[in-house]
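Open the model in a viewer and keep the selection tool at hand. The stops below say what to select and what is found there.

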Amino acid sequence: SWTPGAFVDLTVAELKEKIGDDKVVLGLSGGVDSTVAAMLLHKAIGKNLYCIFVNNGLLRKNEFEDVLHQYKDMGLNVKGVDSSARFLEALAGLSDPELKRKAIGNTFIEVFDDEAHEIKDVTYLAQGTIYPDVIESVSVNGPSVTIKSHHNVGGLPDFMKLKVVEPLRMLFKDEVRRVGAELGISKTLLGRHPFPGPGLAIRILGDITAEKVRILQEVDHIFIQGLRDWDLYDHVWQAGAILLPVQSVGVMGDERTYEQVVALRAVESTDGMTADWVNLPYEFLQKTSNTIINRVKGVNRVVYDISSKPPATIEWE
Ligand code: XMP
């Protein structure tokens, strides 16, 4: 029967045999799949694995720095590329969810192509594709860093001409987690909630500005940190905050305010295809709402999303 230990031994041997002394480039997302794929390859080929971790400026607060440190501690040969400004520029003025996704996907490809170019004589592109991605390759809810062929409008970027290696393509998510544990990847990293590739861009309804990103990062951070402090994080499948494109009236002292509204969302699910909103304790919601309104300038109202999927989706865009 299948065991993570046997899978690691066999896969590492196969990767060694297949790749030899060739160089491999891989895009890390901070998520479980790309991280486990990277660690398997690292075990097989060491420094010949070149990892690229792109900051699109739409990650959670401090996430780029935190995750980059963790990767370095794990011994990975990883280059962090901060392209926040480039992504913001590509997103400027866009409000349509699909246009935002496209702009982000295209910018990612440009950045990745530039970086892959810098590494001389690369033969392989590694991806953290898992089995559900293989069978749902037409689904819109793709994995965060899997590079899909429909992006290649007008000629392939250079890195896409590379041979592809996907060591996880026969595994389900729970198996990937078990392999990750076998490889010594921390529980915190393996237990991270799913996070969409377009990041906070699809949680800021309407157009995106640096200031809106900053506000949402603060709100999200308070919510997620709260879930951890209250031991709720591991009981929730996915959680996050959404910045709504409306302002509401409030009072502060004897002043009338007219500021942003944020929604909090936490769901239970097994695969993201269906989901139920989580019955978070009222005391937790009360505390979190107070903290957000007191600490985050520009927000004067917090609501909690009590919609299940279907018919609602997990994300609002
Ligand atoms: P929905 O909103 O469709 O989300 O119920 C289901 C799961 O997919 C994630 N999601 C995305 N992931 N790129 C991604 O990599 C996307 O464009 C995208 N849209 C949604 C969502 O976070 C949830 O886990």
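Begin by selecting residues 238–252 and 255–268, which are strands β6 and β7; they run antiparallel and are joined by 12 bridges. Helices (H or I, at least four residues) and strands (E, at least two) are DSSP runs, numbered from the N terminus. Two strands count as paired if DSSP finds at least two bridges between them.

This is a predicted model, in which local features need pLDDT of at least 70 and side-chain atom pairs count only at pLDDT 80 or more, while totals for chains, interfaces and linings use all residues. Residues are numbered from 1 along each chain as its sequence is written.

Then go to the turn, where two residues lie between the strands and Gly253 takes a positive phi near 65 degrees.

Next, colour the chain by domain. Domain 1 covers 4–190 and domain 2 covers 203–304; such bounds come from an automatic or database domain assignment. The C-alpha centres of the two domains lie 29 Å apart. Where they meet, 10 residues of domain 1 are in contact with 10 residues of domain 2, contact being defined as C-beta atoms, placed from the backbone, within 7 Å.

Now look for the sheet of five strands. Its order is β3-β2-β1-β4-β5, it is open, and the pairing is parallel. Select β3 (78–82) and β5 (163–165) to find the edges: each has a single partner strand, so one side of each is left without a neighbour in the sheet. Neighbouring strands are turned by 30 degrees against each other on average, direction ignored; axes are lines fitted to C-alpha atoms, for helices over the stretch in contact, and angles run from 0 to 180 degrees between N-to-C directions.

Within this sheet, select β1 (residues 23–28) and β2 (residues 49–55), which are parallel and joined by five bridges. Leu28 has Phe53 in β2 as its bridge partner.

Which residues have the most contacts inside the largest nonpolar core? They are Val24, Leu26, Ala38, Leu41, Cys51 and Val219, in a core of 76 residues. A nonpolar core here is a set of buried Ala, Val, Leu, Ile, Met, Phe, Trp, Tyr and Cys residues joined through C-beta atoms within 7 Å. Helix α2 (residues 32–45) gives the most to this core, with nine residues. The core draws at least three residues from each of domain 1 and domain 2. Centre the view on Val24: leaving out residues up to four places away in sequence, its contacts include Ile19, Leu41, Tyr50, Tyr124 and Val165.

Move on to two loops. Asn62, between β2 and α3 (63–73), has a positive phi near 65 degrees without being a glycine. Is Asn62 buried or exposed? It is exposed, with 10 C-beta neighbours inside 10 Å. A residue is buried if 20 or more other C-beta atoms, placed from the backbone, lie within 10 Å of its own, exposed if 12 or fewer, and partly exposed in between. Asp121, in the loop between α5 and β4, also is not a glycine and has a positive phi of about 60 degrees. Asp121 is exposed, with 6 other C-beta atoms within 10 Å.

Finish in the segment after β9 (299–304), where Pro310 lies. The peptide bond from Lys309 to Pro310 is cis, with omega near -10 degrees. Pro310 and Pro311 are joined by a cis peptide bond with omega of about 5 degrees.

Definitions and conventions
Two residues are in contact if their C-beta atoms, placed from the backbone, lie within 7 Å.
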